[in-house]
Amino acid sequence: SRLETISQIKRKYGPSIGEVQKYLGDSKRKLAKLETADADIERLQEKLNVLTDQTNSLAAKLTAKRKQAAKKLEKALVEQLHHLNMPKAELTVEITPQKRHSHGDDKIEFFLTPNVGEHKVALRECASGGELSRIMLAIQALMAGKEKIPTLVFDEIDSNIGGETAVVVGQKL
């Protein structure tokens with residue numbers, strides 16, 4: 001009867017007594033893990049809460065710094081655009097909340113009002129190729145010396161311009 005029981009155990013848990021004992025040890029370890037699972041979950045939940053608080057704090061600081069920088073960038077870009085013979089242009093940077101991702105909690109969008117009385121429209125939707133090129137030129141002029149970019153291509157920067165505007169754009173380039 002004992003030999004039959006041992007044979008059944010070996011058929012079910014391994015071909016040898018050593019394999020059966022290994023299976024028994026593995027099962028005991030799994031059972032011990034399951035018995036402490038509640039404590040492990042509680043400890044991990046506490047750690048998650050601490051990390052969530054930290055990321056919320058860091059995301060709020062990032063948003064505040066972005067809002068400060070956006071105001072400075074708006075002012076500097078508008079000044080550059082006025083120098084590029086877009087005297088009535090206004091550019092705004094809007095920072096709105098969105099679902100958190102790897103870059104923070106903010107959606108950042110640029111809006112352009114090319115002339116007084118016109119509606120502000122998202123830069124990605126409204127600007128012509130020439131306007132986009134001049135805006136990129138304004139950004140690059142602000143970033144001069146901060147990035148190591150050997151060559152810049154401003155496609156259509158001379159579109160629909162001439163005279164004084166062409167001179168100003170050429171000087172800026």
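In what order do the three strands of the open sheet lie, and is the pairing parallel or antiparallel? The order is E1-E2-E3, and the pairing is antiparallel. The legends below describe close-up views of a predicted model.

**View 1. The open sheet is built from three strands in antiparallel pairing.** The edge strands are E1 and E3, each of which pairs on one side only. Strand E1 covers residues 90–101 and pairs with E2 over nine bridges in the antiparallel sense. Strand E3, residues 121–122, pairs with E2 over two bridges, also in the antiparallel sense. Strands of a sheet pair through backbone hydrogen bonds, either parallel or antiparallel. Strand E2 runs over residues 104–113 and is mostly covered, with seven of its 10 residues buried.

**View 2. Strands E1 and E2 form a hairpin.** Two residues lie between the two strands. Among the paired positions, Glu94 has Glu109 in E2 as its bridge partner. Ile95 stands opposite Ile108 in E2. A salt bridge joins the side chains of Arg100 and Asp105, with an N to O distance of 2.6 Å. Arg100 is partly exposed, at 36% relative accessibility.

View 3. The strands concerned, E2 and E3, pair over two bridges.

**View 4. Asp26 takes part in two salt bridges, one with Lys22 and one with Arg29.** The side chains of Asp26 and Lys22 meet at 3.7 Å, N to O. These two residues are four apart in helix H2, residues 17–35, and are therefore separated by about one helical turn. Between Arg29 and Asp26, the closest N and O atoms are 2.4 Å apart. Arg29 and Asp26 are three residues apart in helix H2, so about one helical turn separates them as well. Asp26 is partly exposed, with a relative accessible area of 27%, whereas Arg29 is exposed, with a relative accessible area of 53%.

**View 5. Lys107, Glu109, Arg124 and Glu125 belong to one salt-bridge network.** The structure holds 10 salt bridges; among them are the pair of Arg100 and Asp105 and the pair of Arg29 and Asp26.

**View 6. The structure holds one aromatic pair.** Tyr13 and Tyr23 form this pair, which is tilted: the distance is 4.6 Å centre to centre, and the angle between the planes is 35 degrees. Tyr13 lies in helix H1 and Tyr23 in helix H2, so the pair ties together parts that are 10 residues apart in sequence. Tyr13 is partly exposed, with a relative accessible area of 30%. Tyr23 is also partly exposed, with a relative accessible area of 42%.

**View 7. Gln21 lies in helix H2, with its C-alpha atom 10.0 Å from that of Lys10.** Gln21 and Lys10 are 11 residues apart along the chain. Gln21 counts as exposed, at 53% relative accessibility.

**View 8. Leu3, Ile6 and Ile17 form a nonpolar patch on the surface.** Together, the three residues have about 290 Å² of accessible area. Ile6 lies in helix H1, residues 2–13. Ile6 is partly exposed, with a relative accessible area of 37%.

Methods:
Residues numbered from 1 in each chain as written. Predicted model: local features only at pLDDT ≥ 70, side-chain atom pairs only at ≥ 80, totals over all residues. Heavy atoms only, no water. Patch = residues over 30% accessible without salt bridge, like charges linked within 9 Å, V, L, I, M, F, W, Y side chains within 5 Å. Areas by Shrake-Rupley, 256 points an atom, 1.4 Å probe, with all protein chains shown as cover. Salt bridge = Lys/Arg side-chain N within 4 Å of Asp/Glu carboxyl O. Buried < 20%, exposed > 50% of the residue type's maximum accessible area, 1.4 Å probe, protein only. Pairing = 2+ DSSP bridges. Phe/Tyr/Trp six-rings, centres within 6.5 Å; stacked < 30°, edge-to-face > 60°.
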